[in-house]
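User: I am new to this structure. Please take one part of it and look at that part closely, with its partners.

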Amino acid sequence: MMRTRVIERKGMTALDVGCGPGLVMELFSPWLEVTGTDIDPHMVKRTSEKGMRAVVGDAMHLPFKDKSFDIVYCSFTLLWVEDPKRAIEEMARVARSSVVCLAEPDYGGRVCHPKEVADLDGPLIESLREERADPLVGRKIAPLMEEAGLVVESGVHSGVWSPNQMKKEAEAEWLSLFRAVQGRVDDFVLEKARTAWNQAVADGTLCLFNPVLYAIGHKR
Ligand SMILES: C[S@@+](CC[C@H](N)C(=O)[O-])C[C@H]1O[C@@H](n2cnc3c(N)ncnc32)[C@H](O)[C@@H]1O
């Protein structure tokens, strides 16, 4: 998406905010001269060890001068940032041309089937809030970019999966959901959800769609 919509020519510079271990940077390095920044020095070390440039930095106080990079992007970072508004303002400050939020989730828009599984959405959102994440950040990125003075286009990534793939990934998905909600709901609610989950996996009707939004903001 970013390649077709934003990268106009080779050799543009970019900053990856909240780069983690540099997975997205690796994808973009054939087209962009990318620098990463992350608040966690361990992540910066992992990215640097892959031969990419990365520095420790807080998204809310980016350690770069105004207009230092052509493009400034992030992915699954604003979910964890204490003040996403401030982070987007900072991204706009250090960008020359565009700010891109590649992917930020919105757990409030989850579509789950069966119902017994959907009943765990609320506890899942609570667990994220307890971890100091903003589970509804996806819906906020476009308006926050507009407030930061950017011209914005935004949307939702489509979810594509097959029953076969779902069967393969179901156990890991269940474990992650189970760990998040365990202790927040009664055991019998979890047992009912597990039984309904198994049935839906078996008949191929399990649906776990978590909207992930993107927004591209151009400087005026
Ligand atoms: C879920 S990971 C995403 C990593 C990477 N962007 C990706 O998509 O693979 C979120 C990253 O944001 C970083 N992070 C959280 N708060 C931050 C902040 N205030 N400033 C910079 N990075 C932050 C975390 O350390 C973590 O590496």
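V100 stands opposite I216 in β9. This is a predicted model, where local features need pLDDT of at least 70, side-chain atom pairs count only at pLDDT 80 or more, and totals for chains, interfaces and linings use all residues. Residues are numbered from 1 along each chain as its sequence is written.

Strand β5 covers residues 95-105. Strands here are DSSP runs of E with at least two residues, helices are runs of H or I with at least four, and both are numbered from the N terminus. Strands pair if DSSP finds at least two bridges between them.

Take β9 first. This strand spans residues 212-218. Six bridges join β5 to β9, and the two run antiparallel.

Now β4, residues 69-75. Six bridges join β4 to β5 as well, but this pair runs parallel. F69 has A95 of β5 as its bridge partner.

Is β5 enclosed or open? Nine of its 11 residues are buried, so β5 is largely enclosed by the rest of the structure. Buried means that 20 or more other C-beta atoms, placed from the backbone, lie within 10 Å of the residue's own; 12 or fewer is exposed, and in between is partly exposed. In a regular strand, side chains alternate between the two faces of the sheet.
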